[in-house]
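Hello,

I am passing a structure on to you, with some notes on what turned up in it. Have a look at it first, and then read on.

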Amino acid sequence: DDGRVLGLLVGLQKEYEERQIGYTEIFRSRLMEILILTMRQIIDENIRKREQTRQSDTVLSAIQYFGMHYREHGLLEKFCREYHYSSQYISRKFHQETGMTVLEYIQRIRVEKSCEQILGSDISIREIAANAGYENMKYFNQVFRRLMHMSPGEYRKRAVSFPGGRTS
């Protein structure tokens with residue numbers, strides 16, 4: 001379509017320069033054709049973008065499942081068993097549609113839930129990690145630091161120090 005529009009533009013220029021009888025009508029019709037082709041291209045691009053960002057029912061089901069069961073271990077396998085999918089299929093589809101792996105997504109959910117507990121309570125970081133599904137504190141701290149760019153303890157201290165933050 002880009003080549004077609006370019007050809008029409010070149011033809012417009014030629015018609016304008018030569019100004020033969022009826023050039024204004026040809027000029028007007030070619031402008032209309034360029035406008036229509038451009039509108040079609042914009043509409044097609046919008047449809048493609050919507051299709052790329054639209055998440056399938058399968059991935060939405062997985063997102064809901066992971067959100068409800070984030071504390072549990074072996075979430076992908078449990079989801080696949082329950083919904084009758086292969087883990088390879090769900091992993092690939094999930095990554096295609098969300099841009100992250102299932103593990104990355106689950107880690108984000110767990111850290112988000114941990115942040116909520118850190119801000120809303122005086123529960124120990126160890127207990128918060130366990131509540132989020134982490135048995136290994138070192139691993140929890142690594143994941144938390146990677147996603148939040150600070151340790152859970154630093155997160156709690158910063159939250160307390162902000163105006164309107166949690167008070168002890």
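What covers the buried residues of α4? The cover includes α3, α5 and α6 (102-120). Before the details, please note that this is a predicted model, where local features need pLDDT of at least 70, side-chain atom pairs count only at pLDDT 80 or more, and totals for chains, interfaces and linings use all residues. Residues are numbered from 1 along each chain as its sequence is written, and side-chain values use heavy atoms, leaving out hydrogens and water.

Helix α4 spans residues 75-83 (helices are DSSP runs of H or I, at least four residues, numbered from the N terminus). Its buried residues are Leu-75, Leu-76, Phe-79 and Cys-80 (buried means under 20% relative accessible area with a 1.4 Å probe, protein chains only). They lie on the same side of α4, because their arc around the axis is only 130° (taken from the directions from the helix axis to the C-beta atoms). After α4 comes His-84, with a positive phi near 65°.

Now to α3 (residues 57-69) and α5 (residues 87-98): their axes come within 10 Å and cross at roughly 95° (axes are lines fitted to C-alpha atoms over the stretch in contact, with angles from 0 to 180 degrees between N-to-C directions). The two helices are therefore roughly perpendicular (65 to 115 degrees). Among the residues making the contact are Phe-66 of α3 and Phe-94 of α5 (contact means heavy atoms within 4.5 Å).

Finally, the whole structure has zero disulfides (cysteine sulfur pairs within 2.5 Å). Cys-80 is buried at 6% relative accessible area, and Cys-115 is buried at 7%.

Best wishes

Methods. Buried < 20%, exposed > 50% of the residue type's maximum accessible area, 1.4 Å probe, protein only. Parallel < 35°, antiparallel > 145°, perpendicular 65-115°, else oblique.
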